[in-house]
Amino acid sequence: MAGQEVDLLNDAFNTFRDASEKLEQQYALLEQRIEYLNGELAEKNRYMERTRRLAAMGEMAARIAHEIRNPLGSMAIFATLLERELTHEPEKMKLAGHITKGIKTLDNLLSNMLLFASSPAARLKSVDIKEVIEDSVLLVRGREKDNVKIKYSCEGRTAFMADAGLLRQLLLNLLLNALDALDEGGSVTITTAVIDGVMEIVVRDTGMGISPEHLDRIFDPFFSTRERGTGLGLAIVSSVVSAHGGSIEVASNGRGTSFIIRLPISPSNNVC
Ligand SMILES: Nc1ncnc2c1ncn2[C@@H]1O[C@H](COP(=O)(O)OP(=O)(O)O)[C@@H](O)[C@H]1O
Ligand SMILES: [Mg+2]
């Protein structure tokens, strides 16, 4: 073979070797990428499976909550009857009162769970906010520490289009939080007023207040600083406000807390 031909062959061989080295490198890179994508896919599958399981658990929790509701309702009636029977035996009546209180706590927990699981839609009807406040105050009666006062006052118009059931749950959660934060001798005041076509509801307490680092997180589901808290109360409050197309504001200075809720009074401004 002539020297020139050998050189040509060598060149061709070198080009072939370079190309096959590059191909090998690219193949290795592709393999790495496939491995990475496989890992990502497995992670996404795990996430989907977890989401599916959580959704199923949510559904199951809602179904159980419904099932617990009925016997709980009967228990509430019987406990109230028992309390009435025992008016002449104050010590025993106090014990029956504990049963009623426990039932109310469970009922509120169930309502919050059901609302949280279903993200509430507001069914608007003409509602008298004063009546809703009176109902809610009645529901928390007996939970106050000594000398704690619950006051309310409504200025001007009290009727507007809203979902009474949802509003009751909202006020109940705000009242329970306020009562938890209060020391003996404190007070919680609810005021309402119609300002520029908006129903403004303010729930103010003279309790321990909320620290600045917690203020951003109090509406997050499951955020709680209480030992036995569920962290659902304010998440529900916030979703009830959204369901009415309203807004909520909180102000706290370490010597008390105010929640200011603004809801549009005319249905045309409402989302539902
Ligand atoms: N009126 C209030 N005064 C002081 N802290 C409050 C008040 N309302 C809410 N908080 C704080 O916000 C947290 C979340 O409240 P919430 O969602 O109702 O859950 P929970 O009552 O189960 O703790 C409470 O744990 C508490 O730290
Ligand atoms: Mg609460």
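Is Phe222 buried or exposed? At 57% relative accessibility, Phe222 counts as exposed, where buried means under 20% relative accessible area, exposed over 50% and partly exposed in between (1.4 Å probe, protein chains only). The model is predicted, so local features need pLDDT of at least 70 and side-chain atom pairs count only at pLDDT 80 or more, while totals for chains, interfaces and linings use all residues. Residues are numbered from 1 along each chain as its sequence is written, chains are lettered from A and ligands numbered from 1 in the order in which they are written, and side-chain values use heavy atoms, with hydrogens and water left out.

**The sheet**

- An open sheet of 5 strands runs in the order E2-E4-E5-E7-E6, with mixed pairing; strands (E, at least two residues) and helices (H or I, at least four residues) are DSSP runs, numbered from the N terminus.
- Its edge strands are E2 (149-155) and E6 (247-252), each of which pairs on one side only; two strands pair if DSSP finds at least two bridges between them.
- From one strand to the next, the twist averages 15°.
- Helix H3 (residues 129-140) packs on the sheet and touches E2, strand E4 (187-195) and strand E5 (198-205), contact meaning heavy atoms within 4.5 Å.
- The direction of H3 makes about 175° with that of E2; axes are lines fitted to C-alpha atoms, for helices over the stretch in contact, and angles run from 0 to 180 degrees between N-to-C directions.

**Strand E7 and its partners**

- Strands of a sheet pair through backbone hydrogen bonds, either parallel or antiparallel.
- E6 and strand E7 (residues 257-264) pair in the antiparallel sense over 6 bridges.
- Ser252 stands opposite Thr257 in E7, and the bridge partner of Glu249 in E7 is Ile260.
- The hairpin of E6 and E7 has 4 residues between the strands, and Gly254 takes a positive phi near 85° there.
- E5 and E7 also pair in the antiparallel sense, over 8 bridges, and Glu200 stands opposite Arg262 in E7.
- E7 is mostly covered, with 7 of its 8 residues buried.

- Ser187 is placed in strand E4.
- With a relative accessible area of 15%, Ser187 is buried.
- Leaving aside residues up to four places away in sequence, Ser187 touches Lys149, Lys151, Leu182, Arg204, Asp205 and Thr206.

**Helices H4 and H6**

- The axes of helix H4 (residues 164-181) and helix H6 (residues 233-243) come within 9 Å and cross at roughly 145°.
- The crossing of H4 and H6 is left-handed, a term that applies if the near helix is turned anticlockwise from the far one by less than a right angle, with right-handed used if clockwise.
- On the H4 side the contact is made by Leu166, Leu167, Gln169, Leu170, Asn173, Leu174 and Asn177.
- On the H6 side the contact is made by Gly233, Leu234, Ile236, Val237, Val240 and Val241.
- The residues of this contact divide into 9 nonpolar, 4 polar and no charged; Ala, Val, Leu, Ile, Met, Phe, Trp, Tyr, Cys and Pro count as nonpolar, Asp, Glu, Lys and Arg as charged, and the others, Gly among them, as polar.

**Aromatic pairs**

- A search of the whole structure finds 2 aromatic pairs; rings of Phe, Tyr and Trp (its six-membered ring) pair if their centres lie within 6.5 Å, and planes under 30 degrees apart count as stacked, over 60 as edge-to-face and the rest as tilted.
- The ring centres of Phe116 and Phe222 are 5.5 Å apart and the planes stand at 75°, so this pair is edge-to-face.
- Phe116 lies in helix H2 (residues 90-118) and Phe222 in the loop between helix H5 (212-215) and H6, so the pair ties together parts that are 106 residues apart in sequence.
- Phe116 counts as partly exposed, at 36% relative accessibility.
- Phe219 and Phe259 form an aromatic pair that is edge-to-face, at 6.3 Å centre to centre and 90° between the planes.
- This pair links distant parts of the chain, with Phe219 in the loop between H5 and H6 and Phe259 in strand E7, 40 residues apart.
- Phe219 counts as partly exposed at 22% relative accessibility, whereas Phe259 counts as buried at 6%.

- Phe222 has a phi near 75°, a positive value in a residue other than glycine.
- Asn147 has a phi near 60°, a positive value in a residue other than glycine.
- Asn147 lies in the loop between H3 and E2 and counts as exposed, at 64% relative accessibility.
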